[in-house]
Amino acid sequence: MKFEGSDQYVATPDLMLAVNAAATLQRPLLIKGEPGTGKTMLAEEVARALNMPLLQWHIKSTTKAQQGLYEYDAVSRLRDSQLSGIEGAEKVRNIENYIVKGVLWQAFEADRPVVLLIDEIDKADIEFPNDLLREIDRMEFYVYETRQLIKARHRPLVVITSNNEKELPDAFLRRCFFHYIKFPEAKTMQAIVDVHFPGLKQDLLAAALRTFFEVRGLPGLKKKPSTSELLDWLKLLVAEDIPAETLLLKDDKVSVPPLVGALLKNEQDLTLFEKLVQMQRHNR
Ligand SMILES: Nc1ncnc2c1ncn2[C@@H]1O[C@H](COP(=O)(O)OP(=O)(O)O)[C@@H](O)[C@H]1O
Ligand SMILES: [Mg+2]
């Protein structure tokens, strides 16, 4: 069982090492990085490469740890008890019929090891990671309503992602293997673009990457464009058949490119970029 990236996903050597280390240690892999650096996709690709099913749990600000284990649907039970006749009473009596299994439970009872993605854990409130410590550590939890102990049949490979919006508790960090996906440098980015657009014209690619990194390098940018934004933009450039020359001024300086709205998503950033281009013109 070794993860080596795939034909659809460019994994740097240190990322591969991290995935395999987490698998060896049997610890959750905690992946941090800017939005759009391929964290969610990593879990999908690991599952695909290792031929394991993928269970995904996308975290929102309102998500509670308990929802990953199970939920007791008291409302349905009450409704059933009011509406059902004698034959329904049997169902209502058995509380098990109203226990809804969460993603962790599904992962624990799967008949083979799965990849369990807990996506964007930093979206939830601060207690969320701590509330999951025991379950992730011991790979078991107790269902009070039915007095059942649920134990994992196989330890899932847990991948946890964070966009770094909140700090995670120390006790939680201690149990994870950590990897930070650095923003790809030009060469890696070129490889990622190649995966998505094989056969892209080299001059267009070079000019687009040049503009992209120039934009990202602007000091004071509110929201730096990420990999996914670059890919969107390239898709548009290709669809509109935009020539490479439009992206650069005469002496190879960056100009305000067409469809820049794919890269910059607010007016302050756009103004900043336009200023840079004007300054370049001035300096010629
Ligand atoms: N290393 C990579 N190899 C191939 N595509 C990538 C890579 N990193 C990012 N992408 C592209 O960027 C998009 C966004 O990635 P995603 O996993 O959603 O980022 P995140 O979860 O970190 O916000 C993906 O759909 C994919 O098309
Ligand atoms: Mg994501």
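Helix H2 (39-49), H9 and helix H11 (227-239) each contribute at least two residues to the shell around ligand 1, where helices (H or I, at least four residues) and strands (E, at least two) are DSSP runs numbered from the N terminus. The model is predicted, so local features need pLDDT of at least 70, side-chain atom pairs count only at pLDDT 80 or more, and totals for chains, interfaces and linings use all residues. Residues are numbered from 1 along each chain as its sequence is written, while chains are lettered from A and ligands numbered from 1 in the order in which they are written.

In all, 15 residues surround ligand 1, and Gly38, Lys39, Thr40, Met41 and Ser228 are the closest (C-beta atom, placed from the backbone, within 6 Å). By class, this shell around ligand 1 holds seven nonpolar, seven polar and one charged residue (Ala, Val, Leu, Ile, Met, Phe, Trp, Tyr, Cys and Pro count as nonpolar, Asp, Glu, Lys and Arg as charged, and the others, Gly among them, as polar).

H9 also takes part in a helix pair. On the H9 side, Ala186, Met189, Gln190 and Val193 meet Leu205, Leu209 and Phe213 of H10 (contact: C-beta atoms, placed from the backbone, within 7 Å). The contact of H9 with H10 comprises six nonpolar residues, one polar and no charged ones.

Turning to the whole chain, there are 12 helices and nine strands. The radius of gyration, taken over C-alpha atoms, is 24 Å, well over the 19 Å from the globule rule for 284 residues, so the chain is more spread out than a compact globule; that rule is 2.2 Å times the number of residues to the power 0.38. The C-alpha trace spans about 85 × 45 × 35 Å along its principal axes.

Methods
Two residues are in contact if their C-beta atoms, placed from the backbone, lie within 7 Å.
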